[in-house]
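Hi,

Here is the structure I said I would pass on.

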Amino acid sequence: MWRQHPLGRIVDCLLWSGWLWLRVRWKPLPEVLDHLDRLPVRASAGSVPPEAIAQTARAIVRRLPRFGMGECLLRSLVIYAMLRRQQRTDVSLVLGAGSLDSLGRPALHCWIEVNGQPLLETHNLGECFRVMFRHRMPGLTT
């Protein structure tokens, strides 16, 4: 499993996961996203396809302890941060709420959209979730 992901991308995902977990525990999500949007981009980041980044992030985050944070939220934040460093501007982080469970709690999900299309999602999210929050990555100026 690990051999299909470059070591540098694995390390980046691990570092982002730890840093973002701490940020989300102490700050509201819009503040965390605003902070990510102000970070400098990496000139040598190259152009790794968003799907490859998402696959690595999914492989890493699902194996980490999250201590109360949803896997989809942490994974989406890691993907967002890594795509931001690549200077991508066609990316949105989306939070949605679905139907209520037997205790009256809504099903919640977080995902990334690239060019308006969900990234590596298997379900038709429009049928399952109503969008409650969308954060579009701001355009970058060089």
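Arg75 and Glu71 are joined by a salt bridge, with their closest N and O atoms 3.4 Å apart; the term stands for a side-chain nitrogen of Lys or Arg within 4 Å of a carboxyl oxygen of Asp or Glu. Both residues sit in helix H4, four residues apart, which is about one turn of the helix. (Helices, H or I with at least four residues, and strands, E with at least two, are DSSP runs numbered from the N terminus.) Arg75 is buried at 13% relative accessible area, while Glu71 is partly exposed at 23%. Here buried means under 20% relative accessible area, exposed means over 50%, and partly exposed is in between, using a 1.4 Å probe and protein chains only.

Before going on, a word on what you're looking at: this is a predicted model, where local features need pLDDT of at least 70 and side-chain atom pairs count only at pLDDT 80 or more, while totals for chains, interfaces and linings use all residues. Residues are numbered from 1 along each chain as its sequence is written, and side-chain values use heavy atoms, with hydrogens and water left out.

Back to the charges. Searching the whole structure turns up three salt bridges. Another one links Asp34 and Arg38 at 3.7 Å, N to O. These two are also four residues apart, in helix H2 (residues 29–38). Asp34 is partly exposed at 40%, and Arg38 is exposed at 57%.

Then there is Glu113 with Arg134, a salt bridge at 2.6 Å, N to O. Glu113 belongs to strand E2 and Arg134 to strand E4, so this pair ties together parts that are 21 residues apart in sequence. Glu113 is buried at 10%, whereas Arg134 is partly exposed at 44%.

His135 is buried, with a relative accessible area of 16%. Its side chain makes a polar contact with the side chain of Asp37 at 2.6 Å. (A polar contact is a pair of N or O atoms within 3.5 Å; within protein, one must be able to donate a hydrogen and the other to accept it, and residues adjacent in sequence count only if both atoms are side-chain atoms.) Beyond its neighbours within four places in sequence, His135 is in contact, meaning heavy atoms within 4.5 Å, with residues including Leu33, Tyr80 and Val91.

Now the rings. The whole structure holds three aromatic pairs. Trp16 and Trp19 have ring centres 5.7 Å apart and planes at 80°, so they are edge-to-face. The rule is that rings of Phe, Tyr and Trp (its six-membered ring) pair if their centres lie within 6.5 Å; planes under 30 degrees apart count as stacked, over 60 as edge-to-face and the rest as tilted. Being three residues apart in helix H1, these two Trp residues are separated by about one helical turn. Trp16 is buried at 12%, and Trp19 is partly exposed at 30%.

Trp111 and Phe129 make a tilted pair, with centres 6.1 Å apart and planes at 45°. Trp111 is in strand E2 (residues 106–114) and Phe129 in the loop between helix H5 (125–128) and E4, so the pair ties together parts 18 residues apart in sequence. Both residues are buried.

Cheers
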